[in-house]
Amino acid sequence: MRLNDGRVVPNFMAQALRGEPLTVYGDGSQTRSFCYVSDLVEGIVRLLARTTAARSTAATRWRVSILQFAEKIKTLTASRSAIVFRPLPVDDPKVRQPDIALARKLLGWEPKVSLEDGLHKTIDYFRGVVLPS
């Protein structure tokens, strides 16, 4: 992920590592599902290996609120950043949790990397990007 692409993961990572306030839009109750890149690639490879076409979504089975996600990032980065709330954009979805039942059935795929393990790896990456030696 690019540092300034406007997505929640790089935004929270950069803000927490820099000690800046983490910006949560709305009250933070909107939910998202996250999938670590190695799990996503495995799902794509399995999908490409199929001889018949199938449409599937790669995601996790764990749903987390944006506020919980911000708090988790603060904890894992040991950041003292405050959490600030801004108005929720009109087009921001309240719930995102793709159904991965088809991927399980047709591809024998489901994510293996837990949210916490994926976040540890992602924090290590962003530490090098945000706080280069």
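How many aromatic pairs does the count come to by the ring rule? I got 3 aromatic pairs. The rule takes rings of Phe, Tyr and Trp (its six-membered ring) with centres within 6.5 Å, and calls planes under 30 degrees apart stacked, over 60 edge-to-face and the rest tilted.

**Ground rules**

I am working with a predicted model, so I keep in mind that local features need pLDDT of at least 70, that side-chain atom pairs count only at pLDDT 80 or more, and that totals for chains, interfaces and linings use all residues. Residues are numbered from 1 along each chain as its sequence is written, and side-chain values use heavy atoms, with hydrogens and water left out.

I looked up the confidence next. pLDDT is the predictor's confidence in each residue, from 0 to 100. The protein has a mean pLDDT of 89, with 91% of its residues at 70 or more. Confidence is highest in β4, at 98, and lowest in α4, at a mean of 87. The element names come from DSSP runs, numbered from the N terminus: helices are H or I with at least four residues, strands are E with at least two.

**Aromatic pairs**

I started with Phe-12 and Phe-69. Their ring centres are 6.0 Å apart and their planes stand at 35 degrees, so I noted the pair as tilted. Phe-12 sits in helix α1 and Phe-69 in helix α3, 57 residues apart, and the pair thus links distant parts of the chain. Both are buried; I use buried for under 20% relative accessible area, exposed for over 50% and partly exposed for in between (1.4 Å probe, protein chains only).

Then I checked Tyr-125 and Phe-126. This pair is edge-to-face, with 5.0 Å centre to centre and 75 degrees between the planes. Tyr-125 is partly exposed at 46% relative accessible area, whereas Phe-126 is buried at 1%.

**The core**

Which residues touch the most other members of the largest nonpolar core? Of its 20 residues, Phe-12, Met-13, Phe-69 and Ile-73 do. α1 (8-18), β1 (22-25), α3 (66-77) and α5 (115-130) are the elements that give two or more residues to this core. α1 provides the largest share, 6 residues. For the record, a nonpolar core is a set of buried Ala, Val, Leu, Ile, Met, Phe, Trp, Tyr and Cys residues joined through side-chain atoms within 4.5 Å.

I listed the contacts of Phe-69 too (contact means heavy atoms within 4.5 Å). Leaving out neighbours within four places in sequence, Phe-69 is in contact with Val-8, Val-9, Phe-12, Phe-34, Val-64, Leu-115 and Leu-119.

**Helix α1**

I wanted to know how much of α1 is covered. Of its 11 residues, 8 are buried, so α1 is largely enclosed by the rest of the structure. Among the buried ones I noted Val-9, Pro-10, Phe-12, Met-13 and Gln-15. The buried residues of α1 pack against β1, α3 and α5. Gly-19 follows the helix, and its phi is positive, near 80 degrees.

**Ser-81**

I found Ser-81 in the loop between α3 and β4. Is Ser-81 buried or exposed? At 2% relative accessibility, Ser-81 counts as buried. A polar atom of its side chain lies 2.7 Å from the backbone oxygen of Glu-20. Not counting residues up to four places away in sequence, Ser-81 touches Gln-15, Ala-16, Gly-19, Glu-20, Pro-21, Leu-22 and Lys-74.

**Salt bridges**

I counted 6 salt bridges, taking a side-chain nitrogen of Lys or Arg within 4 Å of a carboxyl oxygen of Asp or Glu.

One of them joins Arg-32 and Asp-92, whose closest N and O atoms are 3.0 Å apart. Arg-32 is in strand β2 (residues 31-33) and Asp-92 in the loop between β4 (83-86) and α4 (101-107), so distant parts of the chain are linked, 60 residues apart. Arg-32 is buried at 9%; Asp-92 is partly exposed at 21%.

Arg-7 and Asp-5 also meet in a salt bridge (3.3 Å, N to O). Here Arg-7 is exposed at 55% and Asp-5 partly exposed at 25%.

I noted Arg-104 with Glu-110 as well, a salt bridge at 3.7 Å, N to O. Arg-104 is partly exposed at 34%, and Glu-110 is partly exposed at 33%.

Conventions
Polar contact = N/O pair within 3.5 Å; in protein donor to acceptor, adjacent residues only side chain to side chain.
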